[in-house]
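Me: Hi! Could you walk me through this structure? I'd like to start with the contacts between side chains.

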Amino acid sequence: MSELLFQNPLREGLRLTRWPQPSTIIIFGATGDLTHRKLVPALFRLFVNGLLPVNFSILGFARREKTDSQFRDELLSAVQKDMRSQSDWDRFAASLSYFQGDFTQSTEYQNLRRRLEELEGEQGKPSNRLFYLATPPSQYESIIDNLGAAGMANSGPGWARIIIEKPYGRDLESARSLNKVISRVFREEQVYRIDHYLGKETVQNILVFRFANSIFEPIWNRRYVEHVQITVAETIGLEGRGKFFEETGTLRDVVQNHVLQLLTLVAMEPPSSFDANAVRDEKVKVLRAVQPITEAEVSRYVVRGQYAAGSLLGEKKIGYLQEEGVDPNSATESFVAVRLLLNNWRWAGVPFYLRTGKKLPKKVTEIAIFFKSAPLQIFGPEAVEEAKPNVLALSIQPDEGISLSFDSKVPGPNGRIRPVTMDFRYGTSFGEAPPEAYERLLLDAMIGDATLFTRIDENEKAWQILTPILQQWEESKIRTLPQYPVGTWGPKEADTLIKQEGLKWRRL
């Protein structure tokens, strides 16, 4: 075990002051895409790196009929690229088993409980259970209620925890309703609301960068920062998820979770310690400080749009309204840009511009801090024209790193000034790619560390910020949204939004 740990690239990034106990992971929706693409590969990588307990099990729960052997064979392709040897797979596959049943039938959960007790008895391990809801949100209430009715929300001498995938509701009312369902069965400390963005090494490094480096924190406030831009751009479209996306849209799918999570990490105050409640307390304070956008202000401070047919990466692409599963008269947004203000001492008067969309020119997630310009009159009128604001850019994906641009004198006898950039890249500095987000988050849930998961008040406060926007859109009855050709940076209205304060979007 010790030899594996010294070889393990995750060792430094994972706070293994506690090790996961022997446990069983029960995956609801085990035949779905999330299980195959993310969950099982992440668990397999943890296994081959020696980070899972020796005595662990994975039980897949789904409707389709199949044997344990068939379930294992189907998952083999999902971990093929991470296999070092056949023996790795053979040992991991021995932990996999399958349970066929209907999520809505209460009798199935009594059978599930007996199956778990059999597995735990055979392996002589305590009844530590981690339930993972990798199902459509419409199944959450039924699964949670049935787990409670079957007495599995508390494992007696062991522990029981539940991981819930986003979206957690469609608006504030539905989020509160879902949280009531959860809280009547599970205690809040048992609940792990997962947002995979929080598992990314570069997202976690925001806190280290801010609070472990004395040169940045003193200027991380309204006195020095002019504005902040947060961009989450995707080149992909709906990828066969037209029906789902029509009911969701970008504001619910990306802004409510990923984008607002990045905002909280950039804007939060230093926590008293790096534990779950201290960190999440400070994040909630940021959300509470967001100045509400009234329904009357939505048209001024929020822009939405849909991609139209165009060319991306040399290929012609159809528009949003031509996608399979999309209503030809749809008013569902594939792009959103929002201006937010925070009513607190640190950030008063500093606008935060958020934008996210599909079928944009490149896949990139970046936080850019724009600092106020220095007085440059002493260098002459040319310098005033040529100099640019200092920008600190935190690149979350795909080129994980940090860059700082500042002005420098151009070599030669004249006094010209030109921006230059200092770059740091994770891959270059550490010589290896960071671990996948689900590896970190699954391990933390098994250990019982909820720092990187969202809390009930955090979830509801995020919805409280966005629900007035959703309500205004619903009441406006607008059926035609601004269009932007595939491969461009959104509708022209997004440029108008930021130009209101004499600014422009950072070129990425």
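Me: Let's begin with Trp345: which charged end sits over its ring?

Reply: That is Arg222, whose charged end lies 4.4 Å from the centre of the Trp345 ring. Keep in mind that this is a predicted model.

Me: Thanks. And what lies over the face of Trp159?

Reply: Arg161 does, at 3.8 Å from the ring centre.

Me: On to rings against rings. How many aromatic pairs are there?

Reply: The count comes to 23 aromatic pairs. One of them joins Phe28 and Tyr109, which are stacked, with 6.3 Å from centre to centre and 20 degrees between the planes.

Me: Where do Phe28 and Tyr109 sit in the chain?

Reply: Phe28 is in strand β1 (residues 23-28) and Tyr109 is in helix α5 (residues 106-123). They are 81 residues apart, and the pair links distant parts of the chain.

Me: Are Phe28 and Tyr109 buried or exposed?

Reply: Both Phe28 and Tyr109 are buried.

Me: Nice. What about Phe61 and Phe103, how are they arranged?

Reply: Phe61 and Phe103 form an edge-to-face pair, 5.1 Å centre to centre and with 65 degrees between the planes. Phe61 belongs to strand β2 (residues 56-62) and Phe103 to the loop between β3 (96-100) and α5, so this pair ties together parts 42 residues apart in sequence. Phe61 counts as buried because its relative accessibility is 0%, and Phe103 is buried too, at 5%.

Me: Which residues form one aromatic cluster?

Reply: Phe28, Phe61, Phe99, Phe103, Tyr109 and Phe131 do. That takes in the stacked pair of Phe28 and Tyr109 and the edge-to-face pair of Phe61 and Phe103.

Me: What does Gln139 touch, leaving out residues up to four places away in sequence?

Reply: Gln139 touches Arg63, Phe103 and Thr104. Gln139 is in the loop between β4 (129-133) and α6, and with a relative accessible area of 15% it is buried.

Me: Let's switch to the nonpolar cores. Which residues touch the most other members in the largest one?

Reply: Phe92, Tyr132, Phe352 and Ile367 do, in a core of 100 residues. Helix α9 (residues 242-267) gives the largest share of this core, ten residues.

Me: And what is Phe92 in contact with, beyond its neighbours within four places in sequence?

Reply: Phe92 contacts Val40, Leu43, Phe44, Phe47, Phe56 and Ile58. There is also a second, separate core of 29 residues, with Phe99, Ile164, Ile182 and Phe186 among its members.

Me: Ile182 brings me to α7. Which residues of α7 are buried?

Reply: Leu172, Ala175, Leu178, Asn179, Val181 and Ile182 are buried in α7. The buried residues of this helix pack against α6 (140-149), β5, β6 (191-194) and α15 (456-476).

Me: Why does the length of α7 agree with what it should span?

Reply: At 1.5 Å a residue, the twelve residues of α7 should span 16 Å, and the end C-alpha atoms are 16 Å apart, so the two agree.

Me: What happens at the start of α7?

Reply: There, a side-chain oxygen of Asp171 comes to within 3.4 Å of the backbone nitrogen of Glu173.

Me: New topic, the backbone. Where are the cis peptide bonds you'd point out?

Reply: One runs from Lys166 to Pro167, with omega near 0 degrees. Pro167 is in the loop between β5 (160-165) and α7 (172-183). Another runs from Gln397 to Pro398, with omega near -5 degrees, and Pro398 lies in the loop between β14 (391-397) and β15 (401-409). For context, most peptide bonds are trans.

Me: Last one: are Glu239 and Leu313 buried or exposed?

Reply: Glu239 is exposed, since its relative accessible area is 58%. Leu313 counts as exposed as well, at 72% relative accessibility.

Definitions and conventions
Residues are numbered from 1 along each chain as its sequence is written. This is a predicted model: local features need pLDDT of at least 70, side-chain atom pairs count only at pLDDT 80 or more; totals for chains, interfaces and linings use all residues. Side-chain values use heavy atoms; hydrogens and water are left out. A nonpolar core is a set of buried Ala, Val, Leu, Ile, Met, Phe, Trp, Tyr and Cys residues joined through side-chain atoms within 4.5 Å. Buried means under 20% relative accessible area, exposed over 50%, partly exposed in between (1.4 Å probe, protein chains only). Helices (H or I, at least four residues) and strands (E, at least two) are DSSP runs, numbered from the N terminus. Contact means heavy atoms within 4.5 Å. The expected span of a helix is 1.5 Å times one less than its number of residues. A polar contact is a pair of N or O atoms within 3.5 Å; within protein, one must be able to donate a hydrogen and the other to accept it, and residues adjacent in sequence count only if both atoms are side-chain atoms. Rings of Phe, Tyr and Trp (its six-membered ring) pair if their centres lie within 6.5 Å; planes under 30 degrees apart count as stacked, over 60 as edge-to-face and the rest as tilted. A charge sits over a ring if NZ of Lys or CZ of Arg is within 6 Å of the ring centre and within 35 degrees of the ring normal.
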